Amino acid sequence: MLWLCLHFFNLPVECFGDTEGETFPLFVSQAGRVIGGNRPARHLGIRSGMTPTAARALTEDGRHRLRDPDREQRMLERLATWAVQFTPRVSIEPPMALLLEIEGSLRYFHGIEPLRRQISEGLEQWGHRANTAIAPTPTAAWILARAGDGTPVTARPALAERLASLSVNVLPLGQRATDALQGLGCETIGALRALPDDGVARRLGRALLETLQRAHGERPDPRRNWQPPNRFERRIDYLEAITTVDGLRPILRQLIDSLCTDLRYRDTGIMRLRFVLRHRERPPTRLPLGVLSPTRDAGHLKWLVDQQLDNIALTADVTAVSLQAGRFHALHGTSEALDLLDRDDRHTTDADWRTLIETFDSRLGEERVCMVKPLAEHRPERAWCYQRPGRTVEPLAQPSGTARPAWLLEQPLPLRSPRGRPEHNGAPLVLESGPERIETGWWDGLDITRDYYHARTANGQRIWIFRDRRGQRDWYLHGIFG
């Protein structure tokens with residue numbers, strides 16, 4: 001096996017990139033000392049080891065953050081999910097490294113250097129910097145990456161020589177081990193390896209000895225493969241609250257870009273996602289968004305979000321925005337859904353009804369957009385129901401093979417019938433066809449027994465009427481043909 005290690009030496013700073021970007025100088029401190037800064041901060045001369053007070057003196061508008069291990073872990077997991085595109089065997093090495101088993105991927109990526117180049121280009125797009133190292137054991141790759149030694153070691157016999165010259169400071173040493181090594185005058189891994197194993201275990205701890213043995217391939221070094229989460233969730237916090245809808249747009253767009261990037265790596269699409277706008281002292285505002293077929297079209301999702309934002313008013317300042325997306329779907333072909341409304345950059349001749357429904361969803365809310373589904377039922381009032389658009393509707397044959405009106409009245413309207421002849425608006429109706437007898441429903445207490453007719457009014461309108469065969473045998477208007 002061959003392992004590639006990515007050591008994100010600036011992760012404590014880069015994990016704040018979502019919120020701070022590179023706009024302002026940003027530095028991070030831990031235990032009263034600066035441990036890193038972004039590019040603008042480094043340009044101003046802010047360096048590791050400075051006190052935060054000294055760093056603040058170099059920048060008036062700079063941002064100071066305390067190290068956040070939880071945020072670093074989340075970022076590392078995102079990077080692990082991204083790295084799965086290069087090999088299915090990705091392992092997280094906390095707190096700042098990833099291990100990729102790449103031997104099986106070299107043929108696909110045409111060798112080590114093309115693979116490393118693709119990884120580096122991807123990390124650059126994400127705004128990350130990492131030392132890379134390649135070795136036959138994961139621990140050796142990790143040690144080499146911490147040392148900044150990027151020359152690949154592809155054969156196990158060459159490991160000992162390459163590791164021997166490295167400083168012991170690249171090993172995970174505690175204070176006790178550091179003091180002991182200083183007392184021994186042991187400065188390199190080679191010198192440390194020259195000591196008796198029993199002495200190393202007794203004076204420096206067995207964990208350090210086992211680390212060295214794993215690095216040299218003398219002890220098994222199993223790794224747990226990273227399994228990407230089955231949902232996407234990302235959150236952006238802002239110290240300065242967002243007060244306008246227009247201020248929200250770039251944030252929501254940024255989150256959609258992140259989601260679609262994630263979907264591309266998974267080779268999947270999404271149908272449902274939800275933005276959550278968080279306020280300081282009020283319940284969060286939720287903005288659901290749905291499409292009718294799986295997609296990872298960032299442009300289309302952004303356009304739908306814009307439609308939603310056009311119809312909302314912020315009730316409170318927003319301090320954080322998160323995007324949650326649940327079930328992932330396989331993509332069957334590329335979705336090129338086009339629009340029927342007012343998108344100038346698309347052609348209505350290729351319009352897709354799905355996009356029309358999604359547009360209505362965004363503007364009106366999903367609960368207000370539905371379609372009619374026919375049911376296998378003779379009673380006209382019960383022969384249909386509402387359902388969400390997008391689901392397949394199996395066509396049903398007409399119960400009697402006769403035409404039914406598209407407009408069915410919610411309640412049958414009584415008609416006058418002097419001398420037994422039905423009238424509409426004071427004029428007698430002309431019966432064109434019928435009767436069609438519908439007699440059913442005795443099993444549920446809502447039975448009907450009616451004779452239906454197609455009729456025409458005095459002004460030529462075609463209507464659907466029936467005569468109740470029970471009681472007074474009254475006439476009713478029940479539907480209107482288009």
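This is a predicted model: local features need pLDDT of at least 70, side-chain atom pairs count only at pLDDT 80 or more; totals for chains, interfaces and linings use all residues.
Residues are numbered from 1 along each chain as its sequence is written, and side-chain values use heavy atoms, with hydrogens and water left out.

The domain assignment divides the protein into domain 1 (3-16 + 68-216), domain 2 (232-334) and domain 3 (407-480); such bounds come from an automatic or database domain assignment. Taken over C-alpha atoms, the centres of domain 2 and domain 3 are separated by 52 Å.

The opening pair belongs to strands β1 (residues 3-7) and β6 (residues 97-101), which run antiparallel and are joined by five bridges. Helices (H or I, at least four residues) and strands (E, at least two) are DSSP runs, numbered from the N terminus, and two strands pair if DSSP finds at least two bridges between them.

The loop between β5 and β6 holds Pro95, which is joined to Pro94 by a cis peptide bond with omega of about 5°.

Another open sheet has three strands in the order β3-β2-β4, with mixed pairing. Its edges are β3 (33-37) and β4 (63-66), each with a single partner strand, so one side of each is left without a neighbour in the sheet. In this sheet, neighbouring strands are turned by 35° against each other on average, direction ignored. Strand β2 (residues 26-30) pairs with β3 in the antiparallel sense over four bridges, and the bridge partner of Val28 in β3 is Gly36.

Aromatic rings come next. A pair of aromatic rings is described by the distance of the centres and the angle of the planes. Rings of Phe, Tyr and Trp (its six-membered ring) pair if their centres lie within 6.5 Å, with planes under 30 degrees apart counted as stacked, over 60 as edge-to-face and the rest as tilted. The whole structure holds nine aromatic pairs. In one of them, the ring centres of Tyr108 and Phe109 are 4.9 Å apart and the planes lie at 85°, so the pair is edge-to-face. Tyr108 is exposed, with a relative accessible area of 65%, whereas Phe109 is buried at 7% (buried means under 20% relative accessible area, exposed over 50% and partly exposed in between, with a 1.4 Å probe and protein chains only). Together with Trp82 and Phe86, Tyr108 and Phe109 form one aromatic cluster.

Tyr452 and Phe466 make a tilted pair, 5.0 Å centre to centre with 45° between the planes. Tyr452 lies in strand β19 (residues 448-456) and Phe466 in strand β20 (residues 462-468), so the pair ties together parts that are 14 residues apart in sequence. Both Tyr452 and Phe466 are buried. The charged end of Arg450 sits over the ring of Phe466, 4.3 Å from its centre, and Arg462 lies over the face of Phe481, at 4.4 Å from the ring centre; this requires NZ of Lys or CZ of Arg within 6 Å of the ring centre and within 35 degrees of the ring normal.

Strand β19 also contains Thr449, which is buried at a relative accessible area of 7%. Beyond its neighbours within four places in sequence, Thr449 is in contact with residues including Ile438, Glu439 and Arg467.

Key
Contact means heavy atoms within 4.5 Å. Axes are lines fitted to C-alpha atoms, for helices over the stretch in contact, and angles run from 0 to 180 degrees between N-to-C directions.
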